[in-house]
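Please look over the sequence and the 3D structure below. The report that follows takes the two chains in turn, then their contact.

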Amino acid sequence: MVDNSEVKKAADALWKEQNEDNWKAFAKALKDSNAEYYKIVFANEGKLNRMQDLTKSYAEIYDAKYHQITKIPIVRNEGKKVRGATIYLVGLQVSNRVNE
Amino acid sequence: MIKQDLNALEEKSIYIIREAKLKFKNIAALWSMGKDSTTMLALARKAFLGKVPFPVIHIDNSIDFPETYKFRQDLAKEWNLDLIVAQSEIKPDLVGSACCGKNKPETLKKVMDEHGFDALIVSIRRDEHGVRAKERYFSERDKDFKWDYKNQAAELWDNYSSKLDKKGHIRVHPLLDWNEIDIWSYIKQENIPVNPLYFSRNGYRYRSLGCTHCTVPLRSEAKTIDDIISELETTVDEERSGRSMDKEREMVMQRLRSLGYM
């Protein structure tokens with residue numbers, strides 16, 4: 001049975017600090033986990049009016065039975081620059097489920 | 001939606017792509033990994049014996065769908081594409097039309113200046129939006145990417161103007177005559193790979209793909225291309241009804257396109 005503790009730990013590290021190493025560690029842990037689906041949740045009910053609405057948004061990660069494994073931020077800060085981080089979810093599929 | 005003759009559409013699109021390649025010194029194509037631009041690349045491969053003979057640009061604002069990135073990675077490798085990923089930064093004015101009207105064209109402008117492209121193939125279709133219906137096959141943009149849609153040359157007897165304002169560029173639109181059903185029928189006929197987001201999962205699918213924050217899925221049970229075609233034959237919803245920027249204000253698309261949006 002696949003252990004998801006590594007991907008949870010890597011996600012926790014991302015919430016504390018988003019640096020290149022933490023993102024790479026997360027991408028590796030995600031590949032080794034049994035994550036199957038993602039769902040992006042935007043702050044402010046998806047009405048993104050300010051940068052904070054985006055930086056507070058996150059992606060929930062689920063296994064094949066739609067049990068939530070963890071969640072991660074979807075925007076990464078690179079010094080003064082802000083970039084999206086959805087590329088680190090490559091390999092997962094959108095869940096499209098309305099009420100998980 | 002009426003299904004047209006795919007052979008005639010294919011022939012005309014290939015003619016336009018070949019004309020563009022012949023007339024311009026440095027041409028590139030935009031690829032969003034959506035069904036239309038992927039179909040255009042398939043047509044280019046057919047026109048040039050299996051090879052896309054120009055660079056392909058993806059304007060990446062870094063919050064596209066993971067499936068889109070995976071599709072980009074896989075198809076670029078399989079079709080041996082000369083892919084240019086132009087990364088745009090997320091800026092505070094990120095929302096809807098402000099993002100598409102400013103962030104994306106600015107990034108495109110930068111990459112076009114860097115590479116000196118004089119023409120750009122864009123896979124828009126007339127049936128997508130009223131404003132796109134005003135386009136020509138070869139459509140001029142000035143140095144600021146602005147489109148003077150009230151002052152365009154007529155394109156009679158398949159003669160296209162390739163005259164260029166010194167610092168501007170020409171947008172080439174080989175798919176203008178196609179409609180959504182034609183695209184799906186051609187994808188089926190030619191077995192063209194498509195982004196998996198177009199197919200239904202848990203009762204929803206994406207009919208038009210953009211970035212994660214401005215695209216929502218629509219209710220649908222279409223799990224195959226045949227299902228999608230059947231759905232399109234009876235739907236009364238617009239293709240871009242899942243794209244938030246189209247709903248913001250009346251004429252927003254006309255304003256965006258006149259400012260350089262694709």
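## Chain A at a glance

In chain A, 32% of the 100 residues are buried (20 or more other C-beta atoms within 10 Å of a residue's own, C-beta atoms being placed from the backbone). This is a predicted model, where local features need pLDDT of at least 70, side-chain atom pairs count only at pLDDT 80 or more, and totals for chains, interfaces and linings use all residues. Residues are numbered from 1 along each chain as its sequence is written, while chains are lettered from A and ligands numbered from 1 in the order in which they are written.

Chain A holds three helices and six strands. Helices (H or I, at least four residues) and strands (E, at least two) are DSSP runs, numbered from the N terminus. The order from the N terminus is α-α-β-α-β-β-β-β-β.

## Strand pairing in chain A

Two strands pair if DSSP finds at least two bridges between them. Strand 1 of chain A pairs with strand 2 (residues 58-63) of chain A in the antiparallel sense, over six bridges. There, Val41(A) has Tyr58(A) of strand 2 as its bridge partner.

Strand 1 of chain A also pairs with strand 6 of chain A, in the parallel sense, over two bridges. Tyr37(A) stands opposite Gln93(A) of strand 6.

## The sheet of chain B

Chain B has an open sheet of six strands in the order 3-2-1-4-6-5, with mixed pairing. From one strand to the next, the twist averages 30°. Strand 2 (residues 56-60) and strand 3 of chain B run parallel over five bridges. His58(B) has Val85(B) of strand 3 as its bridge partner.

Helix 1 (residues 6-23) of chain B packs on this sheet. It touches strand 1 (27-30), strand 4 (119-121) and strand 6 (169-172), and its direction makes about 160° with that of strand 4. Axes are lines fitted to C-alpha atoms, for helices over the stretch in contact, and angles run from 0 to 180 degrees between N-to-C directions.

Which residues touch the most other members of the largest nonpolar core? Ala29(B), Ile121(B) and Val172(B) do, in a core of 80 residues. Such a core is a set of buried Ala, Val, Leu, Ile, Met, Phe, Trp, Tyr and Cys residues joined through C-beta atoms within 7 Å. Helix 2 (residues 35-47) of chain B gives the largest share, five residues. Domain 1 (6-179 + 250-258) and domain 2 (193-247) of chain B both contribute, so the core lies between them. The domain bounds come from an automatic or database domain assignment.

Helix 5 (residues 180-190) of chain B has several buried residues, including Ile183(B), Trp184(B) and Tyr186(B). The buried residues of helix 5 pack against helix 1, helix 2 and helix 6 (225-234) of chain B. Just after helix 5, Asn191(B) takes a positive phi of about 55°.

## Where the chains meet

The contact takes 24 residues from chain A and 21 residues from chain B. On the side of chain A, strand 5 gives the most, with four residues.

Technical notes. Two residues are in contact if their C-beta atoms, placed from the backbone, lie within 7 Å. A residue is buried if 20 or more other C-beta atoms lie within 10 Å of its own, exposed if 12 or fewer, and partly exposed in between; C-beta atoms are placed from the backbone.
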